[in-house]
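Subject: Handing over the structure

Hi there,

Here is the structure I promised to pass on to you.

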Amino acid sequence: MTKSRTVSLVLSAPLAALLLAGCSSVEPWVKPYEREHLADPIMSFDRDPVSSTYLDHVFEVREGARGATGGVGGGCGCN
Amino acid sequence: MKRNMIRTGALLLALNLTAAFPAAANSIVAGATAPAFQLSSAGGGALSLADLKGQVVLINFWASWCGPCRQEMPVLEQLYKKYKAGGFTLLGVNVEPKSADAASFLQSTPVSFPIVFDADSHVSKLYEVSGMPSTVIVDRKGTVRYVHHGYKPGEESEYLDQIRTLMRE
Amino acid sequence: MFALGATGHAGVLPDDRADMMWHQWEGGGVTVQGPSILLRKKLGDSLSLAANYYVDMVSSASVDVLSTASPYKERRTQKSLSADYLHGKTTYSLGVISSIEPDYHANTGYFSVSEDMFGDLTTVAFGFTRGWDQVGEREHVLNITDWVGDADHRNWQLSLSQILTRNWLLSVNFETSESEGYLKSPYRSARYLAPDGSVQTEEEVYPGTRTGNAASMQLKYYLPWHAALAGSYRFYKDTWSILAHTVDVGYTQPLFADWTFDADVRYYRQTAANFYSDLFPYQASQNFLARDRELAQYHDLTLGLGVTWQFHPRWPRWIEKGTMNLRYDRMHIAYDDFHNYLVGSAPGVLPLYSYDANITQFFISAWF
């Protein structure tokens with residue numbers, strides 16, 4: 001196993017334990033009933049995927065950089 | 001190096017998926033007394049939970065910005081119309097700070113069961129609402145008996161069974 | 001190949017909708033236009049399927065084309081299918097994309113997982129994309145394609161988003177892209193200065209691999225008068241020594257119940273690949289040689305404006321709402337080390353190349 005792989009596995013074990021321990025005790029500071037602004041379509045990272053995919057493509061074919069253009073999460077958090 | 005970081009992220013995600021997540025952290029439990037409250041209603045005036053004692057009450061916390069809540073409203077209306085004669089009532093608690101959006105939703109999708117406005121969220125906090133929508137079914141004595149988080153089409157058959165059970169008591 | 005971030009939606013499936021778009025790029029002597037049709041529908045409660053049909057009709061008389069050949073017309077067709085499966089707070093996504101044009105075939109498959117955590121305030125998503133390309137060289141007069149090489153792509157994505165307050169949303173994204181195989185264009189040649197002072201061409205030589213790392217941060221803020229502000233920054237660095245910064249600021253303002261306006265400013269800047277040159281000092285001066293202006297040093301600034309009108313059609317009854325959208329972006333791109341050869345061929349006297357492009361999108365969307 002390479003050194004960096006060992007490092008990442010060793011780091012992830014206590015991090016994972018921390019996550020597992022912390023998951024049940026973290027109380028959301030924005031309650032489900034306080035998400036009216038976040039649920040608004042204007043607060044979405046990607047309101048019209050047909051349009052954002054097209055613009056991402058326009059830039060990617062003409063520029064050298066690629067990737068990390070996505071955004072997930074936010075929204076109403078329902079169900 | 002970056003690839004290993006992303007692999008670590010994937011490992012963390014995988015571990016999280018196997019972790020036992022509480023379905024709804026700290027929500028009101030069955031067996032507790034339904035907390036009392038009084039809120040202004042859509043029809044004017046105030047409505048309190050105490051007024052409804054002696055009936056089986058389904059309290060539904062909803063908002064016009066919540067897709068599953070909007071989906072659930074016509075279903076709740078049908079439930080209300082069917083059972084209101086037999087000692088059942090429905091109370092829709094709207095959780096929005098400003099009632100304008102709720103009012104325009106109710107104009108396009110009118111319901112006949114009482115709607116009250118919890119603009120400052122104190123009732124949502126009392127009932128520890130931990131998902132949208134949330135449904136709390138209270139028996140004739142004022143005790144919380146069933147709690148539902150979220151809404152998926154078809155879940156109303158569970159509501160039906162639970163309401164019938166409580167109405168028979 | 002399309003850029004694909006981890007696109008999961010965690011606890012809620014995306015809405016059912018249909019979008020029909022006409023897009024057009026016009027700039028640098030090139031016009032590319034065509035339709036894009038997107039359809040998304042839920043099957044049951046847990047599965048959402050989507051399909052996209054996209055066409056680029058290219059009419060090219062670009063500076064690269066005109067300095068070595070004659071204008072041409074071409075058509076690229078792209079079809080894609082994807083599925084999102086929701087289980088509890090986790091969404092699993094799978095997709096395939098096929099892109100076909102006379103001299104380039106690209107097939108892509110991707111998979112991603114996203115999950116809501118910590119009271120649904122945090123979303124973590126992980127994705128993997130695999131691409132298989134076939135590169136060809138087209139002889140336009142005889143209409144034959146000579147398949148000259150293959151390229152393989154592997155991308156890994158990690159996205160973390162966090163609701164900070166009722167009004168603030170943060171997203172952090174990482175992506176590593178690895179490409180190997182035939183990575184150059186079969187049509188382009190490098191240029192060098194011959195001993196007699198004239199400019200001669202030689203074959204481009206590219207490395208067989210390219211690994212790039214991108215990291216970006218996006219912030220969204222809900223303004224109290226019902227508007228939204230978005231800002232993002234992306235850093236990119238790869239093994240070809242390209243270093244790029246992208247900054248984007250956007251403003252969204254709904255007005256008069258049915259209208260929404262968008263304004264956007266995007267700035268991009270990159271340094272050149274370490275084997276790029278517009279004019280090499282002599283023949284075979286380096287192991288790797290490229291004259292693709294996409295690998296040059298340049299910056300571009302894009303200003304965008306969008307208008308959306310929302311309507312509620314009375315017929316058919318199953319359409320909940322519809323929108324008509326028009327978006328216009330104007331991009332100015334200026335190269336620091338690529339010259340406009342159409343103006344002549346005396347080295348050292350040519351102007352640096354720059355151009356403006358008009359990017360237009362018109363689309364109608366319906367939710368059902």
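Helices (H or I, at least four residues) and strands (E, at least two) are DSSP runs, numbered from the N terminus. This is a predicted model, so to speak of local features a pLDDT of at least 70 is needed and side-chain atom pairs count only at pLDDT 80 or more, while totals for chains, interfaces and linings use all residues. Residues are numbered from 1 along each chain as its sequence is written, and chains are lettered from A and ligands numbered from 1 in the order in which they are written.

Chain B first. Its secondary structure comes to five helices and seven strands, in the order α-β-β-β-α-β-α-β-α-β-β-α from the N terminus on. Of its 169 residues, 33% count as buried (20 or more other C-beta atoms within 10 Å of a residue's own; 12 or fewer is exposed, in between is partly exposed, and C-beta atoms are placed from the backbone). Taking contacts as C-beta atoms, placed from the backbone, within 7 Å, residues 24 or more positions apart account for 71% of the chain B contacts with a separation of 6 or more.

Next, the cores. A nonpolar core is a set of buried Ala, Val, Leu, Ile, Met, Phe, Trp, Tyr and Cys residues joined through C-beta atoms within 7 Å. The largest one has 50 residues, and B:Ala63 and B:Cys66 have the most contacts inside it. Among the elements that give two or more residues to this core are α2 (67–83) of chain B and β13 (227–238) of chain C; β3(B) gives the most, with six residues. Leaving aside residues up to four places away in sequence, B:Ala63 touches several others, including A:Tyr33, A:Glu36 and B:Met132.

The contact between chains A and C takes 39 residues from chain A and 64 residues from chain C. On the chain A side, helix α2 (residues 49–62) gives the most, with 10 residues.

Finally, some strands of chain C. Strands pair if DSSP finds at least two bridges between them. β2 (residues 30–43) and β3 (residues 47–60) of chain C pair in the antiparallel sense over 12 bridges, with C:Ile37 opposite C:Tyr53. Their hairpin has three residues between the strands, and C:Gly44 there takes a positive phi near 75°. β3(C) also pairs in the antiparallel sense with β4 (residues 72–87) of chain C, over 14 bridges, where C:Ala50 stands opposite C:Ser82.

Best wishes

Note on methods: Contact = placed C-beta atoms within 7 Å.
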